[in-house]
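Open the model in your viewer and keep the selection panel at hand. The tour goes stop by stop.

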Amino acid sequence: MSDIIHLLPDSVANQIAAGEVIQRPASVLKELVENSIDAGADFIQILIKDAGRTLIQITDNGKGMSETDARMSFERHATSKIQSAEDLFALRTMGFRGEALASIAAVAQVELRTRREDDELGTLIEIAGTRVFRQEAVQCNKGTTFQIRNLFFNVPARRRFLKSDNVEKSHLLNEFYRIALVNPEIEFSFFDGDDEIFHLPASNHKIRIESIFGKSQKKKIQQQLLTIETSTNLISIHGYVGKPEFAQKNANQYFFVNGRYMRHPYFHKAVMMAYGQMIQPTENPNYFIYFEVDPQTIDINIHPTKTEIKFENEQAIWSIISATVKEALGKFNIIPSIDFDQEGAIDIPAGTVDPAKIKPPVSSFNPNYNPFNSSSYKRPSFDWEKLYGSFESSKQGGEKNVFGDKPELNDPDIAVTPFDSGISDTEPVQQTIETDDQRSANFQLKNRYIITSVKSGMMMIDQHRAHVRILFEEFLREIEQQHAPSQQVLFPEELELSHDDALYFEQIIQNLNSVGFEFFRSETNIYQIKGVPSSCNSGSVIELLHALIEKKRNTAIETTTAIHEQIALTLAENSALKNGQGLTQEEMADLIDRLFACSDSNHTPDGKTIITIFSIEEIQAKFR
Ligand code: ADP
Ligand code: MG
């Protein structure tokens with residue numbers, strides 16, 4: 001038998017090695033922009049086409065390369081940044097492995113133009129799949145431009161692993177944020193095709209945060225942030241943490257060390273501990289925390305694409321972080337609550353205050369808004385009482401209880417007849433269909449629950465949840481039938497989105513159109529809201545849209561039905577009448593009618609109970 005081990009050809013070995021460093025377009029962006037930073041650039045332009053699949057172009061005004069260096073830069077383990085192993089422990093550059101360009105050239109078509117300030121001519125190199133096709137002198141600007149075309153053109157398996165454009169774009173943006181947030185002194189411009197989606201002038205950390213994330217927030221992000229700052233001989237920390245009340249499900253949480261983004265689950269816990277009870281367990285605060293440490297005390301050499309970094313003194317740093325964040329939160333919380341003037345002061349009885357200055361409590365009731373007059377709603381042509389009636393008559397045949405979870409209704413001695421005037425609880429099972437004027441026995445408790453008498457006892461309906469269920473089914477129908485009454489807006493509001501949010505928004509825009517929204521994209525990431533669904537409570541459309549985007553972001557669901565349901569539910573939750581809203585008898589009756597015309601009257605689409613029944617037995621027991 002002959003020997004079977006042989007060395008792989010360079011091209012194959014390089015492709016394999018490249019897989020370690022370059023996994024997707026975002027990895028190319030990261031490596032090239034980091035190189036530009038290491039080259040001392042103060043302006044970096046990024047251009048992507050088709051989410052980086054066809055082109056990623058990075059231009060910088062850094063120090064450029066000589067002709068020989070330009071050629072050398074594509075060799076594996078070729079770097080200008082370290083000389084020996086010791087240098088690894090004093091790293092001040094982003095790169096040091098000398099692998100990135102070699103890896104990129106192994107899996108893409110690369111064109112490099114570069115010129116040093118003092119050179120008259122620059123160098124042009126074309127290289128693809130590690131083969132150099134062209135190298136010549138060219139006229140070009142000082143600095144370096146890399147064009148990376150057709151990533152993975154020679155590795156079809158990898159190309160197939162790329163996700164949708166939107167997913168790849170959000171990876172690209174995440175890498176961009178991580179770099180831009182920690183290099184505010186560098187000016188960045190980011191083009192997606194012909195759209196300049198970011199232009200970030202040189203500034204400071206706080207302004208940089210604002211210019212990246214400001215747009216997607218309802219309140220200016222600067223007003224949401226508290227400054228933290230501390231300096232010990234182990235570490236200096238500065239940065240910003242979000243006020244607890246702005247915590248949200250999806251927060252922007254960033255740690256940086258010595259100018260480099262890092263993930264650090266252990267330090268993350270330190271921050272979260274500092275918030276303690278101030279935020280709900282499901283909420284997350286924003287934070288942007290920058291550490292400076294002696295490079296000798298950290299190890300970043302774990303893995304080329306990993307962002308975890310090891311610290312020598314993790315426990316000590318943990319305590320410093322926790323204390324620093326606590327202090328910032330404490331200052332913020334205490335200041336407004338210390339009010340020395342109030343100490344020991346006598347309570348002024350309300351009567352001595354000018355009554356004109358006391359605002360009567362207001363409920364958010366809009367007298368013109370009648371949720372029951374939704375133009376799209378038609379009173380069902382059947383009476384739900386009848387449905388109940390037939391249920392009644394068939395029940396003795398052992399049929400399933402409509403209120404599946406209410407065993408008392410299965411008692412054959414107790415007739416379930418909603419809107420029974422409540423006179424008798426012992427009548428034999430019979431259909432009791434009342435006329436409209438007979439059913440006046442609805443009562444609203446705390447402007448929140450509708451109480452009505454049924455044969456088995458007392459039914460309570462959560463009015464908000466009931467309306468959510470009703471509207472959900474209406475909206476869903478409209479989405480699926482692709483048409484819904486739209487109401488034109490006289491003075492269109494503007495929805496201004498972060499680029500990230502805009503990506504999610506674009507994915508649901510068509511569904512939104514089918515429920516009656518109309519948008520006009522006036523600028524990149526800015527949409528005018530020209531029309532809203534006529535059954536939508538238009539007061540808070542912007543908030544509603546943000547909620548929808550948030551939902552889209554949080555739920556991995558991709559099936560059309562699931563997306564439709566999400567949209568219908570969010571719209572329904574937003575437009576449903578609120579608890580606290582007074583209802584007339586007619587409105588209550590109408591709500592009940594519509595509720596029982598729904599496919600499931602007992603639960604909201606997200607599983608909350610709408611109806612509960614207190615049986616006569618339960619009630620009687622209370623009077624014993
Ligand atoms: P590393 O960054 O780890 O050194 P790379 O493969 O990313 O490895 O780059 C190799 C070398 O090419 C760098 O060390 C640097 O000398 C040079 N280089 C790469 N990009 C640039 C650039 N934009 N401007 C100047 N020099 C660059
Ligand atoms: Mg590099």
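Buried here means under 20% relative accessible area. The model is predicted.

**Stop 1: Tyr275**

Select Tyr275. Is this residue buried or exposed? Its relative accessible area is 1%, so Tyr275 is buried. Tyr275 belongs to helix H9, which spans residues 265–275. In sequence, Tyr275 and Gly330 are 55 residues apart; in space, their C-alpha atoms are 9.7 Å apart.

**Stop 2: an aromatic pair**

A pair of aromatic rings is described by the distance of the centres and the angle of the planes. For rings to count as a pair, the centres must lie within 6.5 Å. The count comes to 25 aromatic pairs. Select Tyr177 and Phe213 for one of them. The ring centres of Tyr177 and Phe213 are 5.2 Å apart and the planes stand at 65°, so this pair is edge-to-face. The pair links distant parts of the chain. Tyr177 sits in helix H6 (residues 165–180), Phe213 in helix H7 (residues 205–213), and 36 residues separate them. Tyr177 is buried, at 3% relative accessibility. Phe213 is buried too, with a relative accessible area of 5%.

**Stop 3: on to Phe288**

Phe288 counts as buried, at 0% relative accessibility.

Which residues form the aromatic cluster around these rings? Select Phe176, Tyr177, Phe188, Phe190, Phe198, Phe213, Tyr254, Phe256, Tyr261, Phe288 and Tyr290: they form one aromatic cluster.

**Stop 4: helix H7**

Now colour H7. Its buried residues are His205, Arg208, Ile209, Glu210, Ile212 and Phe213. An α-helix has 3.6 residues a turn, so residues three or four places apart point the same way. Go to the N-terminal end of H7, which Asn204 caps. A side-chain oxygen of Asn204 lies 3.2 Å from the backbone nitrogen of Lys206.

**Stop 5: ligand 1**

Next, look at polar contacts:

- Asn35: an N or O atom of its side chain is 2.8 Å from an oxygen atom of ligand 1.
- Asp60: a polar side-chain atom is 2.9 Å from a nitrogen atom of ligand 1.
- Ala100: a polar backbone atom is 3.3 Å from an oxygen atom of ligand 1.

On its own, ligand 1 has 530 Å² of accessible area, and the protein covers 93% of that.

**Stop 6: His464**

Jump to helix H12 (residues 463–481) and select His464 there. His464 has a relative accessible area of 19%, so this residue is buried.

**Stop 7: a charge over a ring**

Finish with Lys530 and Phe520. Lys530 lies over the face of Phe520, 5.7 Å from the ring centre.

How values were computed: Residues numbered from 1 in each chain as written. Chains lettered and ligands numbered in written order. Predicted model: local features only at pLDDT ≥ 70, side-chain atom pairs only at ≥ 80, totals over all residues. Heavy atoms only, no water. Phe/Tyr/Trp six-rings, centres within 6.5 Å; stacked < 30°, edge-to-face > 60°. Helix = DSSP H or I, 4+ residues; strand = E, 2+ residues; numbered from the N terminus. Buried < 20%, exposed > 50% of the residue type's maximum accessible area, 1.4 Å probe, protein only. Lys NZ or Arg CZ within 6 Å of the ring centre and 35° of its normal. Polar contact = N/O pair within 3.5 Å; in protein donor to acceptor, adjacent residues only side chain to side chain. Areas by Shrake-Rupley, 256 points an atom, 1.4 Å probe, with all protein chains shown as cover.
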